[in-house]
Amino acid sequence: MSASDIRAEARRVLGICDACGYCNGFCDLFEAARRRSALTDADLAHLANLCHACRNCFQACQYAPPHVFAVNVPRTLARMRHQSYLDHVWPQTFAPLLNHPVATVIGVTLGAILLLFALVLAFAPAGGGLAIETGATAGAFYRVLPWTLMVGLGVLPLGWSALAIGLGWRRYWGLTRPRRATTGEARRRWCAWRTTLADILNLRNLRGGGVGCNDLDARFSPWRRWLHQTLLGGLGLSFAATLAATFYHHGLGLQAPYPLLSPPVLLGTLGGIALMIASLGLGWLEWRTAPEPIASESRRLDQAFLGLLLAVAGSGLALLLWRATPAMASLLVVHLGTVLAFFMLLPYSKFVHAGYRAIALRCESLDPVSID
Amino acid sequence: MIPAYGDDDKADYSSNPSQALSNIFAVPRPDHRGTPSPAPRPDPDVLVIGGGAAALCAAITARRAGCSVLLAEQAPPALRGGNTRHSRNLRLSHHAPTPFTHGVYPPDEFWAELTRATEGTADPVLGRLLVERSTELTDWLSAAGVPLQPIASGVLPESRRTAFLLGGGKTLLNRLYDLAERLGVEIRYACEIRDPVIVGGRLTEIRAPDPLAPRAAIACCGGAQANRDWLRRHWGAAADGFINRGTPFASGALLESLLRQGVEPVGDPKAAYLVAVDARSPADDGGIVTRVRCMPEGLVVDTQGQRRHDEGGDTASTRYALWGQRLARWPDQTGYLILDARGQRAAPPALYPPLCADSLDGLASALGLDPAALQTTVDDYNAAVRAPSDEHDDWHTLGVNPPKTRHARPLTEPPFAAYPMRPGITFTYQGLAVDAHARVRLSTGGVVENLFAAGMIMAPNLMARGYVSGLALSIGLVFGRLAGEEAAGHVRQ
Ligand SMILES: Cc1cc2nc3c(=O)[nH]c(=O)nc-3n(C[C@H](O)[C@H](O)[C@H](O)COP(=O)(O)OP(=O)(O)OC[C@H]3O[C@@H](n4cnc5c(N)ncnc54)[C@H](O)[C@@H]3O)c2cc1C
Ligand code: HEM
Ligand code: SF4
Ligand code: SF4
């Protein structure tokens with residue numbers, strides 16, 4: 001489907017929903033679409049990123065195929081959403097990465113791991129590197145790969161990714177941000193942040209109006225929402241672990257690896273476990289869910305990203321389990337490789353949805369109708 | 001923005017989120033808690049004919065009472081659920097505000113409104129049953145896992161009399177089919193029930209399509225609105241101009257066959273509930289979105305380009321039905337709603353974009369109307385328009401026939417647009433007479449002791465004419481449950 005076909009279909013389907021409105025209790029999309037009945041390209045991008053793909057409105061639709069109107073809101077908006085990701089990739093030459101996510105994730109991850117192995121072979125201090133005997137002593141990690149190299153390998157790709165993703169998100173914000181006069185009032189805009197933040201943390205639009213989502217089929221369940229929140233929690237814990245480790249390193253002058261019961265390791269372990277549970281759970285749902293309301297391009301994007309998250313968390317936990325053995329060095333390299341791949345792929349993977357979704361929710365909370 | 005579903009409300013009324021936990025892993029399987037397992041014999045205790053709201057309530061209730069139940073739905077799974085699939089709200093009495101309805105709506109008030117709207121045609125005994133037992137529906141639906149939309153969602157029209165199904169009728173159907181399956185109701189799709197045989201006040205045999213002899217049967221197969229022969233018989237050639245808003249499976253064949261065998265008819269075979277729909281809609285199943293709603297914003301002309309009625313006269317939701325009846329008597333059953341640019345801006349969203357032209361002339365040719373006639377109609381109207389004289393007044397016309405008593409803005413701002421309209425049939429008004437046990441009555445007096453009816457097929461007992469919103473669904477739910485109880489009682493005797 002070409003971009004213009006996707007937009008035309010989104011307009012057709014949302015036009016029918018505007019006249020119907022039966023699903024307006026499931027999420028914010030339907031009222032938002034009514035308020036933007038002109039359905040400009042910007043409106044479509046906004047609405048696509050506002051829909052949380054709970055699929056309720058597919059199972060509930062009196063016009064779902066085989067009805068001649070063939071209304072399939074979740075699939076139509078998933079396509080539209082994917083298109084909006086493609087439209088905002090920076091630089092544009094990298095857009096195809098989003099269309100071949102599985103190959104991209106596998107290729108980049110393997111590439112990163114191989115690169116690290118090569119670096120270890122080239123730069124490891126004498127008596128360190130892959131030949132290191134035991135890994136649990138202080139500074140052991142840096143005898144596999146020197147600290148400066150490790151930090152450099154984190155900071156450089158992160159810097160690039162932050163730039164690329166920031167440019168994409170900014171252009172998207174420029175496209176969809178509300179322009180109506182009443183949104184200008186500073187105090188209101190500030191208050192609206194609370195709504196935005198609550199909507200992100202609660203994933204309110206994944207609550208189906210209180211009953212949950214059609215995760216697998218026409219039955220309601222809270223699982224996809226809970227798993228996603230677990231994922232965010234896991235990510236938060238892992239981030240906190242990194243901060244704690246940084247403090248240990250610079251503030252306390254202690255060198256990794258840290259004791260099992262130290263904050264960096266505890267936080268990292270919990271985060272890793274949460275990430276594992278969430279990515280496995282989401283993957284299971286994605287695998288078993290009814291295919292009709294799903295778009296294949298977004299499904300591939302989800303699966304590839306879930307695989308990457310699983311690799312990051314799994315290799316991290318494996319490193320923790322076997323860090324006192326000779327396997328430590330290889331595990332460290334594999335783990336660092338997956339983290340490197342994760343950093344590099346932030347702007348070219350499912351991760352980009354975080355910004356578009358946050359912006360969509362921000363736009364809604366700024367909408368004059370919802371502020372009043 | 002929709003505020004989250006209040007957590008307080010959820011405790012009382014949600015469709016049981018804790019059940020949702022097990023939902024994920026649950027393979028649909030019979031749930032035999034408290035009910036004996038279905039008897040192995042091929043003839044079920046209770047045969048439920050149909051697959052809409054009435055049928056599901058009947059099947060679930062009979063199954064919970066311990067009967068083996070076969071539910072036969074003529075439609076394939078994807079199109080199951082008859083007109084229930086297109087419904088949105090139900091009318092129910094309540095003695096206190098609920099999360100789904102404002103204020104109170106006492107049964108007496110419901111009954112008074114029902115009597116008024118149906119011009120006294122509602123059977124008083126069945127009517128009392130309906131209004132009293134409608135108070136149980138919220139709880140029954142919640143317990144069955146059917147979600148109602150809380151008014152806290154902030155996106156519903158303010159309503160004291162009706163509650164809205166979250167996601168509409170199809171969500172109700174999905175939940176109730178799921179429950180029926182879990183309870184062990186046998187469900188057969190694409191299964192038309194026909195050829196009932198009534199001998200000596202008993203239903204002795206029926207085909208599904210193989211002969212069956214259920215101990216009791218409940219007819220829940222809707223009206224006859226999809227039956228073109230039926231409509232032609234009563235409306236003549238005009239019937240060909242009708243569009244069926246709902247399921248193509250409402251053939252009324254079983255209804256006719258029962259009436260032929262001496263079941264007492266009720267209601268008016270000539271009557272139909274019609275609303276104005278877009279003439280470009282599909283012949284069947286277009287549902288709610290095909291309605292044309294903004295007559296007060298413009299002029300409605302016939303194929304001669306002439307106005308025939310006061311477009312501003314009715315602004316309540318009853319106007320849809322008034323225009324449906326009018327169109328059915330117009331030439332070619334066709335009318336055109338003409339709007340100027342101002343009217344288009346005021347119009348609510350519609351299924352199809354209107355036909356547009358920069359001038360009235362161009363619009364007339366696009367519609368196949370005589371341009372001069374349309375121009376004259378609009379000119380005469382514009383010349384008659386009077387602005388309101390004080391704040392209690394509205395735009396109106398003076399000296400044009402028919403007048404437009406309200407919302408009479410001039411049609412001057414191009415581009416001009418038109419919605420072609422036809423009558424859309426929702427249901428027919430003839431059904432099976434039933435007694436207070438939902439048991440089907442015979443013309444010769446007495447009843448068919450093992451045949452019950454619920455839903456649209458017996459709704460004319462309560463509304464032989466007229467309608468109030470949400471009534472059809474409530475009749476289906478209340479009498480579906482009642483018929484299920486009574487059929488189970490009969491089987492146990
Ligand atoms: C567009 C539209 C909107 C509506 N909105 C509302 C609303 O908001 N509120 C409201 O109260 N009412 C509404 N109604 C009316 C209402 O939905 C129905 O009248 C009501 O749901 C009827 O329920 P039922 O179970 O009697 O019949 P239906 O839901 O029509 O079910 C009849 C079933 O019987 C099956 N069937 C027919 N013949 C046979 C046979 N011989 N053998 C086996 N199966 C058979 C059909 O396939 C169908 O499943 C609406 C109707 C339409 C068309
Ligand atoms: C602003 C914060 C975020 C919001 C509002 C949000 C919202 C959503 C929503 C609504 C979905 C389901 C629809 C879809 O597939 O797009 C989703 C899916 C997903 N999100 Fe997020 N997300 C956020 C941040 C994140 C982050 C930071 C991650 C991980 C790094 C993440 C990982 C995922 C994954 C893996 C899926 C796919 C799940 C599936 O298979 O269904 N999200 N997110
Ligand atoms: S998804 Fe279907 S039922 Fe829901 S609002 Fe849209 S058209 Fe109506
Ligand atoms: S969030 Fe769910 S109900 Fe809302 S539009 Fe998306 S799929 Fe439909």
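Where chain A meets chain B, 45 residues of chain A and 42 residues of chain B take part in the contact. Keep in mind that this is a predicted model.

- Three residues stand out on the chain A side: A:Y22, A:R219 and A:F220 supply 20% of the area that chain A buries against chain B, more than any other three residues.
- What about links across the interface of chain A and chain B: how many salt bridges does the rule find? The count is zero salt bridges.
- Polar contacts do turn up, with 16 residue pairs counted between chain A and chain B (both residues at pLDDT 80 or more).
- Sorted by class, the side of chain A that touches chain B has 24 nonpolar, 13 polar and eight charged residues.

**The iron atom of ligand 2**

- Two histidines are the protein donors here: A:H228 and A:H353 each use their NE2 atom, lying 1.9 to 2.0 Å from the iron atom of ligand 2.
- Those two come from distant parts of the chain, as A:H228 is in helix 11 of chain A and A:H353 is in helix 15 (residues 353-366) of chain A, 125 residues apart.

**Salt bridges**

- Side chains of opposite charge can pair when their charged atoms come close.
- Over all chains, the rule gives a count of 37 salt bridges.
- One example joins A:D41 and A:R11, whose closest N and O atoms are 2.6 Å apart.
- A:D41 sits in helix 3 (residues 41-50) of chain A and A:R11 in helix 1 of chain A, so this pair ties together parts that are 30 residues apart in sequence.

- A:P65 and A:P66 are joined by a cis peptide bond, with omega at about 10°, and A:P66 lies in the loop between helix 4 and helix 5 (73-87) of chain A.
- A:W90 and A:P91 are also joined by a cis peptide bond, with omega at about -10°; look for A:P91 in the loop between helix 5 and helix 6 (96-99) of chain A.
- A:A53 is not a glycine, yet it has a positive phi of about 60°.
- You'll find A:A53 in the loop between helix 3 and helix 4 of chain A.

Key
Residues numbered from 1 in each chain as written. Chains lettered and ligands numbered in written order. Predicted model: local features only at pLDDT ≥ 70, side-chain atom pairs only at ≥ 80, totals over all residues. Heavy atoms only, no water. Contact = heavy atoms within 4.5 Å. Buried area = accessible area lost by both parts, 1.4 Å probe. Salt bridge = Lys/Arg side-chain N within 4 Å of Asp/Glu carboxyl O. Polar contact = N/O pair within 3.5 Å; in protein donor to acceptor, adjacent residues only side chain to side chain. Nonpolar A, V, L, I, M, F, W, Y, C, P; charged D, E, K, R; others polar. Donors = N, O, S within 2.8 Å, 3.2 Å for Na, K, Ca; no water. Helix = DSSP H or I, 4+ residues; strand = E, 2+ residues; numbered from the N terminus.
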